[in-house]
Amino acid sequence: MTPVPESAAIPADPVQAYNYDGIAEGYTAENETSLMNAYYERPAMLELAGDVAGRRILDAGCGSGPLFAELRDRGAVVTGIDASAGMLELARRRLGADADLRIADLANPLPFPDNTFDDVTASLVLHYLRDWGPTLTELRRVLKPGGRLIASVEHPFAIWIAERSDGKTTDYFQTRQRTEEWTLGGQSTQLTFWDRPLNAMTDAFTASGFRIDVISEPRPAPGARDLFPELFHEVVGESFLGFLFFDLRTA
């Protein structure tokens, strides 16, 4: 783990941080049915989003489009962006040729005018960014006044507990780099994450002009324990530390 200051510059080649092209097919298949995605993260995002009928939503880091599809089915007008061409190709197969999908990296300025969207969803994407400040400033810019940013990230305390359990002397309060090799569908890639404490997250949100309405540690969807009993054998109660969710508002 390499501690770095929160204000450090973004890497020149952001694709090294979240190169999903090589595992696009395998990740998409896993995402469709897994406990953490299909029965935990996605239902929690949709619950926070609430009634989206008629709202214009930017799905930032849309991947292969599962959340995009759910939001569209609920009546939202959705635009999806992702840095992975491979994931966007799968999204187009899912969503159809008329879906508004664009390649865009959240580390760079967004290709939209000010005040374009009612809501932004950022599903498990912010933790790939070394510095949240420029990205959050851009997301706030493209949101209308009173707009919402609904975001999920890896739970910082869950990461810290796992690393301490593995014998690593991780400083929870440092923003630090973590690289993992993921193998899905017979293909592998390296992904780089930037772990940070909760206070660094909330400070970044408020410094970028967002008001924090909700911080959520939700339960999984009903029936998850019955579907995945082997994953719940050490869980006390109905939930676990997995991801952390935010409902944020612009002024």
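T250 sits in strand β10, residues 243–250. Strands here are DSSP runs of E with at least two residues, and helices are runs of H or I with at least four, both numbered from the N terminus. This is a predicted model, in which local features need pLDDT of at least 70, side-chain atom pairs count only at pLDDT 80 or more, and totals for chains, interfaces and linings use all residues. Residues are numbered from 1 along each chain as its sequence is written, and side-chain values use heavy atoms, with hydrogens and water left out.

Is T250 buried or exposed? T250 is buried, because its relative accessible area is 5%. The cut-offs are under 20% for buried, over 50% for exposed, and partly exposed in between, with a 1.4 Å probe and protein chains only.

The side chain of T250 comes to 3.1 Å from the backbone oxygen of K144. A polar atom of that T250 side chain also lies 2.8 Å from the backbone nitrogen of G146. Leaving aside residues up to four places away in sequence, T250 touches R140, L143, K144, P145, G146, G147, G209 and F210. Contact means heavy atoms within 4.5 Å.

Next, the helices. α1 covers residues 24–33 and α2 covers residues 35–49; they pack at about 50 degrees, with axes 4 Å apart. Axes are lines fitted to C-alpha atoms, for helices over the stretch in contact, and angles run from 0 to 180 degrees between N-to-C directions. That angle makes α1 oblique to α2. Under 35 degrees would be roughly parallel, over 145 roughly antiparallel, 65 to 115 roughly perpendicular, and the rest oblique.

Which residues meet? From α1 there are Y27, N31, E32 and T33, and from α2 there are L35, N37, A38, Y39 and R42. By class, this contact has 4 nonpolar, 3 polar and 2 charged residues. Nonpolar means Ala, Val, Leu, Ile, Met, Phe, Trp, Tyr, Cys and Pro; charged means Asp, Glu, Lys and Arg; the others, Gly among them, are polar.

Within α1, the residues A24, G26, Y27, T28 and N31 are buried. Their cover includes α2, α3 (66–73), α4 (85–95) and β7 (175–184).

Last, backbone angles. Most residues other than glycine have a negative phi. N115, in the loop between β4 (100–103) and β5 (117–123), has a positive phi near 60 degrees. N115 counts as partly exposed because its relative accessibility is 43%. L124, in the loop between β5 and α5 (132–142), has a positive phi near 50 degrees. L124 counts as buried, at 12% relative accessibility.

Definitions and conventions: Polar contact = N/O pair within 3.5 Å; in protein donor to acceptor, adjacent residues only side chain to side chain.
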